[in-house]
Amino acid sequence: MIYDHLFKIVIFGDKDVGKSCLLSQYVNKTFTEKKYLDIGIEFKFKELIIDNIKIKVQIWTINNDDIIMNYNNPNGFIIIYDVTNKDSFKYIENKINIIRNYYTIENIPIIIIGNKIDKNNRNITLEEVNEFSKKNNIMNIEASIKHNINVDLIFEKLLKKILEQNPKSVKFNSISIYFMIILIFMIALIFTILFII
Ligand SMILES: Nc1nc2c(ncn2[C@@H]2O[C@H](COP(=O)(O)OP(=O)(O)OP(=O)(O)O)[C@@H](O)[C@H]2O)c(=O)[nH]1
Ligand SMILES: [Mg+2]
């Protein structure tokens, strides 16, 4: 697919919240109960169309502050917590400040995800999350990555926000480059013929 935009999204959050699961559920539509090997950093690509705009997304999962600091120009962040684990929610509060301070982009799109709503021992109420989101001006959504509930919606919401900040620009894609080469060749040919006659 020839795309209009290439965006980078970073998935971040405390241990075991479901970062690796989100990546494989969204891109490959697979889920495993087994713990993914914690390799610190992973990425996959996904292509999709939103409002007739062709987008290629490079999605990273990271679980280390240093990587956040060194990460090159992300367009948006997905920060996950586990609705059954209070600590995982506390964890994101200070991470949002790190991201905001480091990237200096006042309004870098961020969405926070309350994952594992399929479990019945939830520890964090939607009210406290809504209050936190409002205070920090970020989007939030709850999900069950296990049951593929709201997984596509997470990316759709974030990407729509990213698109608002990156209006469609005219770019050279591979077809237009071929077209330019042929055009230049034709013009050169016409001049050569004119020169000869
Ligand atoms: N019940 C339930 N379990 C989930 C869900 N999402 C992920 N899990 C489980 O949570 C565990 C951790 O998932 P991972 O995706 O490996 O978590 P992670 O955030 O990548 O963990 P680290 O890379 O170690 O920081 C796994 O056993 C998953 O099966 C969900 O929506 N519901
Ligand atoms: Mg992981």
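This is a tour of one predicted model, stop by stop, with what to select and what is there.

**Before you start**

Local features are given here for pLDDT of at least 70 and side-chain atom pairs only at pLDDT 80 or more, while totals for chains, interfaces and linings use all residues. Residues are numbered from 1 along each chain as its sequence is written, and chains are lettered from A and ligands numbered from 1 in the order in which they are written.

**Stop 1: the whole chain**

Show the protein as a cartoon. It has six helices and six strands; these are DSSP runs, numbered from the N terminus, with helices being H or I of at least four residues and strands E of at least two. Read from the N terminus, the order is β-α-β-β-α-β-α-β-α-β-α-α.

Of the 197 residues, 28% count as buried. A residue is buried if 20 or more other C-beta atoms lie within 10 Å of its own, exposed if 12 or fewer, and partly exposed in between, with C-beta atoms placed from the backbone. Two residues are in contact if their C-beta atoms, placed from the backbone, lie within 7 Å. Taking contacts between residues at least 6 apart in sequence, 73% join residues at least 24 apart.

**Stop 2: the sheet**

Select the six strands. They form an open sheet in the order β2-β3-β1-β4-β5-β6, with mixed pairing. The strands β2 and β6 (139-142) are at the edges with a single partner strand each, so one side of each has no neighbour in the sheet. From one strand to the next the twist averages 25°. Helix α3 packs on the sheet and touches β1, β4 and β5; its direction makes about 160° with that of β4. Axes here are lines fitted to C-alpha atoms, for helices over the stretch in contact, and angles run from 0 to 180 degrees between N-to-C directions.

Now colour the strand pairs, where pairing requires at least two DSSP bridges between two strands:

- β1 (residues 5-13) runs parallel to β3 (residues 53-62) over seven bridges, and Phe-7 stands opposite Val-57 in β3.
- β1 also pairs in the parallel sense with β4 (residues 76-82), over five bridges. Here Ile-9 is opposite Gly-76, and Ile-11 has Ile-78 as its bridge partner.
- β4 and β5 run parallel, joined by six bridges; Asp-82 stands opposite Asn-115 in β5.

**Stop 3**

Select β4 alone. Seven of its seven residues are buried. Gly-76, Ile-78, Ile-80 and Asp-82 are on one side, and Phe-77, Ile-79 and Tyr-81 on the other.

Next, pick Ile-78. Leaving out residues up to four places away in sequence, Ile-78 touches Ile-9, Ile-11, Ile-111, Ile-113, Ile-154 and Leu-158. Ile-11 and Ile-78 touch the most other members of the largest nonpolar core, which has 35 residues. Such a core is a set of buried Ala, Val, Leu, Ile, Met, Phe, Trp, Tyr and Cys residues joined through C-beta atoms within 7 Å. At least two residues of this core come from each of β1, α1, β3, β4, α3 (86-103), β5 (110-115) and α5 (151-165). The largest share, six residues, is from α5.

**Stop 4: helix α1**

Select residues 19-28, which make up helix α1. Seven of its ten residues are buried, so the helix is largely enclosed by the rest of the structure. The buried residues are Lys-19, Ser-20, Cys-21, Leu-22, Leu-23, Gln-25 and Tyr-26. They pack against β1, β2 (41-50), β3, β4 and α5. Just after the helix, Lys-29 has a positive phi of about 55°.

**Stop 5: around ligand 1**

Select ligand 1 and the residues with a C-beta atom, placed from the backbone, within 6 Å of it. There are 20 residues in this shell, the closest being Gly-18, Lys-19, Ser-20, Cys-21 and Lys-146. Helix α1 gives the most to the shell, with three residues. The shell divides into four nonpolar, six polar and ten charged residues. In this count Ala, Val, Leu, Ile, Met, Phe, Trp, Tyr, Cys and Pro are nonpolar, Asp, Glu, Lys and Arg are charged, and the others, Gly among them, are polar.

**Stop 6: two exposed residues**

Pick Thr-32, in the loop between α1 and β2. With 11 C-beta neighbours inside 10 Å, Thr-32 counts as exposed. Its C-alpha atom is separated by 7.9 Å from that of Lys-146, 114 residues apart along the chain.

Finish at Ile-41, in strand β2. Ile-41 is exposed, with 12 other C-beta atoms within 10 Å. The C-alpha atoms of Ile-41 and Asn-63 are 7.1 Å apart, with the two residues 22 apart along the chain.
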